[in-house]
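Please look over the chains below before reading my points. Keep the structure open as you go.

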Amino acid sequence: MNSDSVAMMNLHEKLHKQETTVCIFGTGDFGRSLGLRLLQSGYSVVYGSRDPKNSLLLPKGSKVMAHAAAACEASVIFVAVQREHYGFLTHLASDLEGKVLVDVSNNIKTGLYAESNAEYLSRLVPGATIVKAFNTISAWALQSGGLDANRQVLICGDQAEAKQQVVDIAQRLGFTALDKGSLRAAAGLEDLPLQLFPLWRLPFYIAIGLAAFIFFYVLTRDVIYERVTNGKDITFRIMVSLANKVFPIVSLVMLALCYLPGALAGFLQLYNGTKYRRFPDWLDRWMLCRKQLGLLALAFAFLHVLYTFVIPIRYYVRYRINVYTISLVKDNKTYEFDNVAAWRHDSYYSMGILGFGLFVLLGITSLPSVSNSLNWKEFSFVQSKLGYTTVLLCTAHAFLYGWDKFLKPYKWWMPPAYMLSLVVPCVVLILKLILITPCVDRKVTRIRQGWERQSKTSANCTDGKTNQPLMA
Amino acid sequence: MNSDSVAMMNLHEKLHKQETTVCIFGTGDFGRSLGLRLLQSGYSVVYGSRDPKNSLLLPKGSKVMAHAAAACEASVIFVAVQREHYGFLTHLASDLEGKVLVDVSNNIKTGLYAESNAEYLSRLVPGATIVKAFNTISAWALQSGGLDANRQVLICGDQAEAKQQVVDIAQRLGFTALDKGSLRAAAGLEDLPLQLFPLWRLPFYIAIGLAAFIFFYVLTRDVIYERVTNGKDITFRIMVSLANKVFPIVSLVMLALCYLPGALAGFLQLYNGTKYRRFPDWLDRWMLCRKQLGLLALAFAFLHVLYTFVIPIRYYVRYRINVYTISLVKDNKTYEFDNVAAWRHDSYYSMGILGFGLFVLLGITSLPSVSNSLNWKEFSFVQSKLGYTTVLLCTAHAFLYGWDKFLKPYKWWMPPAYMLSLVVPCVVLILKLILITPCVDRKVTRIRQGWERQSKTSANCTDGKTNQPLMA
Amino acid sequence: MNSDSVAMMNLHEKLHKQETTVCIFGTGDFGRSLGLRLLQSGYSVVYGSRDPKNSLLLPKGSKVMAHAAAACEASVIFVAVQREHYGFLTHLASDLEGKVLVDVSNNIKTGLYAESNAEYLSRLVPGATIVKAFNTISAWALQSGGLDANRQVLICGDQAEAKQQVVDIAQRLGFTALDKGSLRAAAGLEDLPLQLFPLWRLPFYIAIGLAAFIFFYVLTRDVIYERVTNGKDITFRIMVSLANKVFPIVSLVMLALCYLPGALAGFLQLYNGTKYRRFPDWLDRWMLCRKQLGLLALAFAFLHVLYTFVIPIRYYVRYRINVYTISLVKDNKTYEFDNVAAWRHDSYYSMGILGFGLFVLLGITSLPSVSNSLNWKEFSFVQSKLGYTTVLLCTAHAFLYGWDKFLKPYKWWMPPAYMLSLVVPCVVLILKLILITPCVDRKVTRIRQGWERQSKTSANCTDGKTNQPLMA
């Protein structure tokens, strides 16, 4: 080996040492947890602190130095300091020259600053390369070894090699890393830990709105009407009877709302003659929250089931049965058995139970760990075929519940509440019925496989040898 | 540094650039999603297209070129084109020489071609190295960042280095990679996305078959017998009463079928005197679908619970109670309280509830994310100890339900349906009882720890110092 | 290129070959499964065996040799042999010089040996580098491709490079690797597969103890008291009535116990004026098992729900209703409708149902795959806000159940059992109420953001520019 090789090896050794030493600025919860995890994974850890002598509770095996000294020890420096205190880094500019600074910070609220913390840091220390990472990982997840908590580290930054160094560290700590692009993505990453169920917001408001509307509708039609016309106070029914009208109606409507956008999208594709035109924004947003709509509908269905099973032990129900039996005895009458009623009631319960059973199955397959173990074909079979069967069963359940109630005179021109619940499901089922008729189905399938109706923009397809996109 | 080192560095730089540029042939859904993800992860992306000027909707930051030009830009080329259009690649043979072609294609149906797409591609472009990968990942999973969708990329190919390049890309995109061997495995990988619950098929047919048999048995014994002998039409009972006989019976039998193969395997190992002899094929297949058998049994048990709780609000049940009360009043009799009946009924419900509770627990621990967090000892404790307790409780539940019904005269020589449900569970419990008697248990444990009965084939064990296999 | 480079390349090639060949000592279950997986992932596999000619059932494509010969073929050797048989390795000391030995062994029981298997191996073969790994992975997980089983390989060892080689192998096999530090951690890793729900132990004993206490309390107060004072035998009530008193009480108390430590911790932080002082050990241990306490409470609540829904089909209940109706008829009285009772009963059921619904939601979000998909803010919103709402609803449910029962004369000076269940929940709710009053809340929030009360040890904070720790 000649001297060059030896020199290269020395260089390599030094680089290697630098690579396995990591510096952390900040000795708070996150800094300490990160240091502990790094030590466990075989890294050397050097803390940078304003007051190295008074830094307590640091993990065993780590060193503490003044910031400048600590910075020299490693090529990667984690800045585990709040944005408000970034100021001190400007004085270290020369020590940080050429280093990789990993910004792990989060803010307390969204919208506090116009610029992301990472971009602000990049402006403060222009000589260093900034990588945003680990801000979505909590101190607790670092401590618990990543088994139970989110194991994906999101990373962004402008320089690929710096990012790769951070990716290597993340993987060595037992995390997986996902590159989210340039440092401009940092603002997005910093918003992530501050979000509170962003995808659930719209479905939640829909559920609340629907529930409130149905509640007041039923309150007016049942309780207030009774009060006004007969002077009877039956407000106690709010707690169970009314709740058990509101919950199933909201559940059925939301279940249908969860399948409506898919059907609409099918018709839109038929109309456009291609699948390559964007859906309108409202439809896109609607389709993105279908899972949440469905799960909320399941929650309401679950409550409906519980409320139904509690019926026979209710004081009011026992009272009514008792009164009825005694009245029969007194009038010397007998309960006439009605075969149609027996069929109707039992069918009604059966539809409901089977529908709920399928609904629970849909819910289970939407658990992340279950849906991950399904391939695309299986997932769409469950969510589409079984989903429509669920809608069908639940709609039948509602129809059998109503039976001939729609013939009765309306109270205050208000139809029975169950009729409101049937509008959306019927629309969905009719649309689906049209979509699965053989001639329409063939067209939709061809469109979804990439076929486009003849038009100017797709003239390049006419030679029939263009690269057809894969269905995936 | 001498000139060689410089040359090597230049080469390295060029290689590095080639490594971070990825070419994609095909601008369909999958190609576009893949390109977007690659760009986000810091790769440069070049699309190869027949008609670069008319390729629309491609992700920002990517380039589009003619196929030949695009191929020169990168060492890894994703072929996101359907198999039927592979033809054009033969004209590019010289441009593809030495490149890594990643075949991501799937077919619409299984069995369309004798040869896998990847092997066909390998024949078409012999100068390139083919790697099959990413075909189990959907365009949607690529877009959604892999958090919610399957994150494992299956890879196969004949050359290790080419595979490593694809593994690196997969990991950089946030996926984990699993090497499935040589290109001959491609056919298997291409079948994966076309499978529809392969492991559930057998248990599902068993469930359907059993349910149909029990249904017709119960229909004959209850409804048709009543019709023929008493002329009474009680067909309305099909909807709830009969369903609530069929579901628990199917559930109990399938639960027992789920534990039977384990017990049989124990006896087979005892008989063979070793655990190193293969089980017969039917037993192997049976053991592989135990989880599915158990989960279907749980689904039936769940329906049974719902059908049971709905009993007291049924029209027919209320009618019967009413009629009975009135008849007592008229005959001036009182309901005689039977202490044994009270014990029996309450025990029967209690066994059922506790059994169902444990059953739900078994179901929860078989969720992928839960079973992953258990070690082997914990998993086998739950699935074996708690599993047999569940069988025991549910069998006791059925026995208490039946009580003295087996003494009543059979209708048309048909015993009550619940008796059918007890055969398999009793067999399982008796077999298990034998297996856990101390003397048998000791033998089985030794066999499972690797001990073999003296015989010719295991003569090499006689020196007592052979490497004993680990229990794991 | 000069000769050095050529030499380096040859060396590299040889190293590369050695790196891609893996040797396995031991041909048992684990050795075979590991070999198969290595082969699938592109490694060459050489088995070392005492009797290479009689080694059967080894995976196709692997070679079998005598130990010494096999050791020469690879730089990494898996020792898949039980500890008792490690002796033969001392004879191979020279062949193992400089090799990486991966100890994958487990013991049958904990505490069998003072020294971990890996450290023992390290003493036996001082010339080799020992890495402990893969012992938490079962043969079955190796075979099933890691999709369904635990995919994390825990690794420890004293030399970083040797560990890195094993990490590379683990990743290539589709596992993720987590470095657990030096070889001294091996004892801990070897205990892992022998643990049986260590975190569940304490909560389980608490549940059993509580359930036993409440059972005997209720047994004495209801059954024995009735027997002694009225001579009536109502032991049959044990099966359902008593169970349905024990389960809800245990559930409510355990739910409250799950939130009590958090409230106590808040007060302790207020008292200490900092969050940087350690909690006492008992509180730490209590806080670590909150999830398990909560899930056990949910299990009891689930059983309570089932026991409640079964009430109206119980023989005893039907008997009582029947007797009551007939007595009303005979005495020519009518059931007087009590509006307050109707309100109370229905509210009581409603609180219970909504509380249980929220409780199930809490349970679902504690599934690993669900909690992993939540950020810290969402997780703490669900577990804290919704958790306290659940406690509140369930406590209200218990209060409404009791209503005026606390006024009735005690039997044998024993208050009704439900009153016992209310003590802990009320304490929790009162503590929480204090903590969320604006003035206290402000202080707690500041402390949790890292603020410390002025004191000598934190004098270094006075300049206001110290690195404030991040909330994470």
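Which rotation and which shift along its axis superpose chain B on chain C?

1. A rotation of 120° with 0.0 Å of shift along its axis does it, and the RMSD is 0.1 Å. In chain B, Ser369(B) comes closest to the rotation axis, with its C-alpha at 3.2 Å.

2. Some ground rules. This is a predicted model: local features need pLDDT of at least 70, side-chain atom pairs count only at pLDDT 80 or more, and totals for chains, interfaces and linings use all residues. Residues are numbered from 1 along each chain as its sequence is written, chains are lettered from A and ligands numbered from 1 in the order in which they are written, and side-chain values use heavy atoms, leaving out hydrogens and water.

3. The turn is 120°, the shift along the axis is 0.0 Å and the RMSD is 0.1 Å. That is the relation of a three-fold axis. Ser369(A) has the C-alpha nearest the axis in chain A, 3.2 Å from it.

4. Next, the contact between chain A and chain C. Chain A gives 74 residues and chain C gives 74 residues (contact means heavy atoms within 4.5 Å). Only 9% of the interface residues of chain A are also interface residues in chain C, so the copies meet through different surfaces.

5. Chain A and chain C bury about 6,400 Å² between them, 62% of it on carbon and sulfur atoms. Buried area is the accessible area (1.4 Å probe) that two parts lose on being put together, summed over both.

6. How many salt bridges are counted between chain A and chain C? The count is one. Arg314(A) pairs with Asp346(C), their closest N and O atoms being 2.6 Å apart. The rule asks for a side-chain nitrogen of Lys or Arg within 4 Å of a carboxyl oxygen of Asp or Glu.

7. Finally, confidence. Chain A averages a pLDDT of 85, and 90% of the residues score at least 70. Within chain A, helix H1 (residues 3-20) is lowest, at a mean of 57, while H12(A) is highest, at 96. Helices are DSSP runs (H or I, at least four residues), numbered from the N terminus. Over residues 455-472 of chain A, pLDDT stays under 50. Where pLDDT is low, the predicted coordinates should not be read in detail.

How values were computed:
Copies are superposed by least squares on the C-alpha atoms of residues with pLDDT of at least 70 in both. pLDDT is the predictor's confidence in each residue, from 0 to 100. Helices (H or I, at least four residues) and strands (E, at least two) are DSSP runs, numbered from the N terminus.
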